[in-house]
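Please look over the structure shown here, and read the briefing that follows beside it.

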Amino acid sequence: MWYVDAPKPVSITHADQTQSGVETHVEEVTMTGSIDGLEMFSSPEKGRGLRVSRGFSVGELLFSCPAYSSVLSVTERGSCCDLCFRRKQGLARCGKCKKAFYCNASCQKADWAMHKLECSAMVAFGENWCPSETSRLVARILAKKKLQKERCDSEKILLIGEMQSHLEDEDNEKKEKTEADIAGLSRFFSKHLEVPSHRDLLTLFSQVACNGFTIEDDELSHMGTAVYPDVALINHSCLPSVIVTFNGTKAEVRAVQDMKPGDEVLISYIDLLYPTDDRNSRLRESYYFTCKCPECQKKSKDKVKLKSAPPSELLEMCEQSLEEMGAVFEDSNVYVLHMMYQAMGVCIYMQDADGALRYGEKLARYYSKLYPPYSLNVSSLYLKLGRIYMAMGRHSEGIKALTKAITIMEVAHGKDHQYLEDIRKELTQK
Ligand SMILES: [Zn+2]
Ligand SMILES: [Zn+2]
Ligand SMILES: [Zn+2]
């Protein structure tokens, strides 16, 4: 569902200045706050964007951005702290609702302004308490807007209210979903919130839909949802120059290509495994634009990705086993790969280590060819593989896979990230 700022001109003052726009625009950035080494700019084609004003090398941190608002998924409750998202054993529970969990009293205290939106309502509604994650996040944004009148650390360049919305582009299905989310907001949160006008709510939900981020852990499991106004400024490319990772609820943006002054900061909003047409229909569906990056023009990886298979035929074969598919399609076909990934997930769920490794090893071979050199999809796969090998006592294979994950994560997450410390520990545990 989520990711960043769709590159379309917007109606803030500097966005339409295409001729002499650069200078005016630098002034504006200084006026409103800034991040060292970065600047907002606008182009006639893509609207606002972010570019670097000095060089960055692979693995270097461009900037980090605390969440403006974040919300832990209901399914992660009890496994992770509701405030800081740390995953650990023995979390302390909110005594009142018994549904929120925290590292300690200080995490609980820091979360109270947000948790109180839900605490008593969860008790009152009991089993019937079921707002969507989007409604929960929007409730928190509204509460924070009320509390925080000044520009905050997540808004050094872009204010939350300046994030792109696409209200006019939404189809009926999306409109219905938003209406349901708004109904959920009034049903479950109205007691503690001054709900703004319907029109303002529609805009806010649209902003969240195209600018929200899902927070994922090192294996790319969904932990929660958050908004980061400054990160939302980054445009999309299928050949991204940066990757966004999460440290708790903080977003960190690191270079995965060497960048020179003036280069645009570009992330991928979508899974890059898919071929060009498919990627672009996903981009249009969620972000309302078509990508014109060099990869979309060359389509250089499409041939491998689509070897002998239209997607519709593959769908019909879903019921059949992958072994049967193997006789018809090349393994490198992305839809076969997607199914293998699902199959690997099922094997892990059923604790069938051999099955999981069989699919995982095959996937790894193609992933490393089809994804860019630094990709979280690739590192999370190697992590899963490595952890299975280690659990089976196949240490040398485990170490090999974990080391591959580390190589990518040192660039994407930074060398000091807690995840890397954890994995290095796993390497020595036999
Ligand atoms: Zn915590
Ligand atoms: Zn509570
Ligand atoms: Zn592209």
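The axes of helix α4 (residues 133–147) and helix α6 (residues 198–211) come within 11 Å and cross at roughly 115 degrees, where axes are lines fitted to C-alpha atoms, for helices over the stretch in contact, and angles run from 0 to 180 degrees between N-to-C directions. This is a predicted model, in which local features need pLDDT of at least 70 and side-chain atom pairs count only at pLDDT 80 or more, while totals for chains, interfaces and linings use all residues. Residues are numbered from 1 along each chain as its sequence is written, and chains are lettered from A and ligands numbered from 1 in the order in which they are written.

- T134, L137, V138 and I141 in α4 meet L204, F205 and V208 in α6, with contact taken as C-beta atoms, placed from the backbone, that lie within 7 Å.
- By class, this contact of α4 with α6 has six nonpolar residues, one polar residue and no charged residues.

**The sheet**
- An open sheet is formed by three strands in the order β3-β11-β10, with antiparallel pairing; strands are DSSP runs of E with at least two residues, and helices are runs of H or I with at least four.
- The edge strands, β3 (61–65) and β10 (242–247), each pair on one side only, where pairing requires that DSSP finds at least two bridges between two strands.
- β3 pairs with strand β11 (residues 250–255) in the antiparallel sense over four bridges, and C65 stands opposite A251 in β11.

Methods:
Two residues are in contact if their C-beta atoms, placed from the backbone, lie within 7 Å. Ala, Val, Leu, Ile, Met, Phe, Trp, Tyr, Cys and Pro count as nonpolar, Asp, Glu, Lys and Arg as charged, and the others, Gly among them, as polar.
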